[in-house]
Amino acid sequence: MSILNIFTQDAFSVMRITDALREISYVPSVIGKMGLFQTTSIDTLDIAIEKDKAQNRILVQASPRGGPGQTFGRSQRSMRMLKIPHFQVDDAIYADEVQQVRAFGEEVAVERLQGKIAERAAEASQFFALTEEYHRINILKAGKLLDADGSVLFDYFTEFDESQAAEIDFDLDNATPGEGALRKKCATVIRQMATILDGLPYTGIMALCGDAFFDDLIAHKEVRDTYKGYSDAASLRTAYINAGTSGIYGAFEFGGISWANYRGGESVGVDTNKCHLFPMGVPGLFRTVYGPADYIETVNTPGQRLYGKQWEMQNGKGVNLEFQMNGLHYCTRPRVLIPGKRT
């Protein structure tokens, strides 16, 4: 049996390779582990988001019985269409890489080739995992979906006609901070977040911090004084021991906010002097939508997170491999994204 004829077997179909790709252990990601982004699969290439801009609540004035009452306008609805971006990695396996399996028969050859594809899929899956973390962290930081080169794919503040809150100065390098000044800053954030969310429920506020911000925060006199004499002081002593696969160097709670030191790398990370605050547990706030691949086999089917495909080279010297992701990450209310700085 010719080595390339092996690729005509069901083991190398789009769905089987896609299944193998999904079974790879993806690179750990902070935001992915948090489950912050609710994922959905759709069978189209675009999504429509309808926003109902509720009017400000008004006090109702007393009016004469039998006379006309007070009037008010209708809510204003707006529609936004967002196209799911396409991300693709191309690869190939050449005949010379697998020629030694010819003598072992069809079954062994299939296993060997599946292993080769799995190796390439594992590599590709790391690229896509890093890309998703990059997309999500930039949404939390600036409300923007950025491409790999830093260009803007979607600015959600523009898309949803909103503006970002002013950056909060936590004044962490102040050698003589005022009594309770830091806790007042935290209270300001909590009140501001509650006002922005209005009646929407949320379970807490999280802050992803850069290294210098976190170091000065945990060393702040007010933070350390708060924990003195309490069993929770252990959380300060152990705040830097979670750097393994968790994606953070450490975390603790103060002032009603959960602070986490984000472990970045390469182009994914948080500026050392910054923090980024956002609410947790808000229904439908952060979303990820996966669309179908651009294959005949996947037309009008619910999108998968990742896809893989192979086809024989025209010159018979190997097979081409392709891995792709069609995913859109977005925040439906970017105004809740509050930036902070160390000084």
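Q: Why is Glu297 called partly exposed?
A: Its relative accessible area is 44%. Buried stands for under 20%, exposed for over 50%, and partly exposed for the range in between (1.4 Å probe, protein chains only). So Glu297, at 44%, belongs in the middle class.

Q: What kind of model is this, and which pLDDT is needed for local features?
A: This is a predicted model, where local features need pLDDT of at least 70 and side-chain atom pairs need 80 or more, while totals for chains, interfaces and linings take in all residues. Numbering runs from 1 along each chain as its sequence is written, and side-chain values rest on heavy atoms, without hydrogens or water.

Q: What makes Lys309 and Glu297 a salt bridge?
A: The term asks for a side-chain nitrogen of Lys or Arg within 4 Å of a carboxyl oxygen of Asp or Glu. For Lys309 and Glu297, the closest N and O atoms are 3.6 Å apart, so the pair qualifies. Lys309 sits in strand β13 (residues 307-312) and Glu297 in the loop between β12 (286-290) and β13, so parts 12 residues apart in sequence are tied together. Helices (H or I, at least four residues) and strands (E, at least two) are DSSP runs, numbered from the N terminus.

Q: Why does Arg335 count as having a salt bridge with Glu162?
A: Their closest N and O atoms lie 2.3 Å apart, so the distance passes the same test. The pair links distant parts of the chain, 173 residues apart: Arg335 is in the loop between β15 (327-331) and β16 (338-341), and Glu162 in the loop between α5 (156-159) and β7 (168-169). Arg335 is partly exposed at 28%, whereas Glu162 is buried at 16%.

Q: What parts of the chain do Asp216 and Arg342 tie together?
A: These two side chains meet in a salt bridge, at 2.5 Å from N to O. Asp216 belongs to helix α7 (residues 211-219) and Arg342 to the segment after β16, so the pair joins parts 126 residues apart in sequence. Asp216 is partly exposed, with a relative accessible area of 24%. The structure holds seven salt bridges.

Q: Why is the pair of Tyr156 and Tyr330 called tilted?
A: Rings of Phe, Tyr and Trp (its six-membered ring) pair if their centres lie within 6.5 Å; planes under 30 degrees apart are stacked, over 60 edge-to-face, and the rest tilted. There are 11 aromatic pairs here. In this one the centres are 6.4 Å apart and the planes stand at 55°, so it is tilted. Tyr156 is in helix α5 and Tyr330 in strand β15, 174 residues apart. Both Tyr156 and Tyr330 are buried.

Q: Why is the pair of Tyr295 and Tyr307 edge-to-face?
A: The ring centres are 6.5 Å apart and the planes stand at 85°, so the pair is edge-to-face. Tyr295 lies in the loop between β12 and β13, and Tyr307 in strand β13. Tyr295 is buried at 6%, and Tyr307 is buried at 1%.

Q: What makes a set of residues a nonpolar core?
A: The members are buried Ala, Val, Leu, Ile, Met, Phe, Trp, Tyr and Cys residues, joined through side-chain atoms within 4.5 Å. The largest such core has 62 residues, and Phe170, Trp259 and Leu277 have the most contacts inside it. Helix α6 (residues 181-197) gives the most to this core, with six residues. Another core, apart from it, has 11 residues, including Ile93, Phe128, Val319 and Leu321.

Q: Why is Tyr227 called buried?
A: Its relative accessibility is 9%, so Tyr227 falls in the buried class. Tyr227 is in helix α8 (residues 221-227). Tyr227 and Phe254 are 27 residues apart in sequence and 9.3 Å apart in space, C-alpha to C-alpha.
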